[in-house]
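Visitor: Please show me the structure, and then take my questions one at a time.

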Amino acid sequence: MKIFICIKQVPDPNTTISTLDPTTKRLVRSGVSLVLDPGDESTIAAAIKLRDTLGNSELVALSMGPASVQEAMRRSLAMGADRAILVTDPALAGSDAIGTARVLAAVLKQEGAELIFCSTESTDGYTGMVPGAIAEFLGIAQLTFAREIKVEGQKAVIKRVIPKGYQTVESTLPAVVTIASGSFDAIYPTMKGIMGAKKKPFSQLSLADLGIDPALVGEAGARERVLTIGAAEARAAGQMIRDDGTAAQQIADFLQRYQLL
Amino acid sequence: MANTIWVLVELEEGKPARSSLEVLGKAAKLGRAEAIVLGAAAAEVAPTLGQYGAEKVYVHADAAYDQYLTLPVVETLSHLIQHHQPSLLLLASTYALRDVAARLSVRDSMGLITDATDLAFDAEGLKVIVPWGGENIVTVTHPSQGPGIVLARPKAFPLERYEERTAKIERLDVAVSAGAQTIRILETVEVQSEGPALEDANVVISGGRGLGKAENFSLVKELASVLGGAPGATRAIVDAGWLPYSYQVGQTGKTVKPTLYIACGISGAIQHLAGMKGSKYIVAINKDEHAPIFSSADLGVVGDAVAILPELTKEIKRRKA
């Protein structure tokens, strides 16, 4: 089976506070440490597990973005993906979720992807719009918030997280499956994996390769337009104390003062 | 002419979801609110929506919406939007409606704005407020003509009552196509949790990485129990497998607005702050005095949550006795 995993490079959520450039209205990328989205680590693990269970299958990592994304893609190869495809083109700058989905869907169609893994949402944007939009561009089902996945013949069955518990859902293939964060233990690349990744096929595509009109992607094709950027309202500064052994009493005093007990 | 704002009202066990009703109340403040309700219980629910702001309700009582995910709703909404051209489709940002919004935006080339905390129409058109990262608030609009979609953050709007209002009901003459019945629900299992539901609790005690290990989350649960509150968690410890996803507070997890929120060993990633910043009183306990959580706290305690929590639970028990 031809399995794809769509991945994203994001500002390291552990070290960065993301800001917007007031002129370009885009994410400030300079001086920011970029990593493979931590959510994708779990999704890649899910995809690798399925590929190995099914046998006779290929796992391809797919992403869109500037050349720097190669690093995140190399990591996916080191973890166990078989090859990688990066779509990179200056006209893609400023793309929103729908523009991104349009580009990824074009590659997936060209490649004849049968099962497409995505994380439920990215760790920088959190909008969760890309997977559903890919599914719509391809005219196939989307199975979201999966914690478990099984493929039975031409069907995918997932156990998905819902706010009050879980649900078992099925659809025929091809399908887009989104993995709920933390559902699968990440695979840490070994030295052998890292060395091996360098020899795996890595291709780059441009918009022209995909026959996509640049007016439909990038800023030109975005489904929302930023008018103004302002500063978030800060909460009034509170009281700070250092635990000297009486913190519990002081917290209890605070709760009592505001009648919270 | 007043703007017509459409709201899809989700059903939960045959009742309208509170998140949908909050959005409906906001729609009624912005202009003429019209609701769409789809599913086996739709006909019973429709007449009750006037009191939450709907002037008109489109109804299709068909169980296909309850048995198959996403596609039946997208198909019917797409059909309706093409016929009626409302000014805006306003949706609560829930699991199901996020999936619907993404597909609908593509299918009908609609504008799409996610994570809104407020919106208004002025002389220039629609203006939507979206918090971005921790430091920015952006104002955005739909670039194209025609109806666009706005997904609103849960709890962005209070529930509004329009006691005198009776909605006009229109039964839809549509059928869900076979092609839309492809994502089939085989089983739904509800997991009962103890104490109040996280999103409704008046007191929420949450834990993060600073608790050190999964076993220490019991300290959070014990404090929640003595305060009559619900335990919550950060994405980091949910990702780490300490707790199921249902505990997650944050932009993708649950949005909570309790009277009291106690953050234990939580650094305060944007993802988490987005889900709890609306709490009335915030107490934060963290070892790192530079943790971003402290800028949102009414009381910040620099210290080890693992040491402080048992003491605090004991102290509260003593004072309540």
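Visitor: Leaving aside neighbours within four places in sequence, which residues is Val7(B) in contact with?
Guide: This is a predicted model, where local features need pLDDT of at least 70, side-chain atom pairs count only at pLDDT 80 or more, and totals for chains, interfaces and linings use all residues. Residues are numbered from 1 along each chain as its sequence is written, while chains are lettered from A and ligands numbered from 1 in the order in which they are written. Contact requires C-beta atoms, placed from the backbone, within 7 Å. By that test, the partners of Val7(B) are Ser20(B), Val23(B), Leu24(B), Ala27(B), Ala33(B), Ala35(B) and Leu90(B).

Visitor: How many residues does the largest nonpolar core have?
Guide: A core here is a set of buried Ala, Val, Leu, Ile, Met, Phe, Trp, Tyr and Cys residues joined through C-beta atoms within 7 Å. Buried means 20 or more other C-beta atoms within 10 Å of the residue's own; 12 or fewer is exposed, and in between is partly exposed. Val7(B), Leu24(B) and Leu90(B) are among those with the most contacts inside the largest core, as are Ile5(A) and Ile116(A). Its residue count is 188.

Visitor: Which helix gives the most to this core?
Guide: Helices are DSSP runs of H or I with at least four residues, strands are E runs of at least two, and both are numbered from the N terminus. The top contributor gives 9 residues. That is helix H3 (residues 97–111) of chain A.

Visitor: How far apart do the C-alpha centres of domain 1 and domain 2 of chain B lie?
Guide: Domain bounds come from an automatic or database domain assignment. For chain B they give domain 1 (4–180) and domain 2 (198–320). In contact are 6 residues of domain 1 and 7 residues of domain 2 of chain B. The centres lie apart by 32 Å.

Visitor: How many residues does each chain bring to the contact between chain A and chain B?
Guide: On the chain B side, helix H5 (residues 95–107) gives the largest share, 8 residues. Nonpolar covers Ala, Val, Leu, Ile, Met, Phe, Trp, Tyr, Cys and Pro; charged covers Asp, Glu, Lys and Arg; the others, Gly among them, are polar. The chain B side divides into 32 nonpolar, 22 polar and 17 charged residues. The totals are 71 residues from chain B and 65 residues from chain A.

Visitor: In what order do the 4 strands of the open sheet with S12(A) run?
Guide: Strands pair if DSSP finds at least two bridges between them. Strand S12 (residues 225–231) of chain A and strand S10 (residues 136–141) of chain B pair antiparallel over 6 bridges. At the other end, 5 bridges join S8(B) to strand S9 (residues 125–132) of chain B. The order is S12(A)-S10(B)-S9(B)-S8(B).

Visitor: Which residue in S4(A) stands opposite Phe4(A)?
Guide: Strand S1 (residues 2–6) of chain A has 4 of its 5 residues buried. S1(A) pairs in the parallel sense with strand S4 (residues 58–64) of chain A, over 5 bridges. Opposite Phe4(A) stands Val60(A).

Visitor: Why does Glu41(A) count as buried?
Guide: Glu41(A) is found in helix H1 (residues 38–54) of chain A. Beyond four places in sequence, Glu41(A) is in contact with Leu36(A) and Ala186(A). Glu41(A) counts as buried because its C-beta neighbours inside 10 Å number 23.

Technical notes. Two residues are in contact if their C-beta atoms, placed from the backbone, lie within 7 Å.
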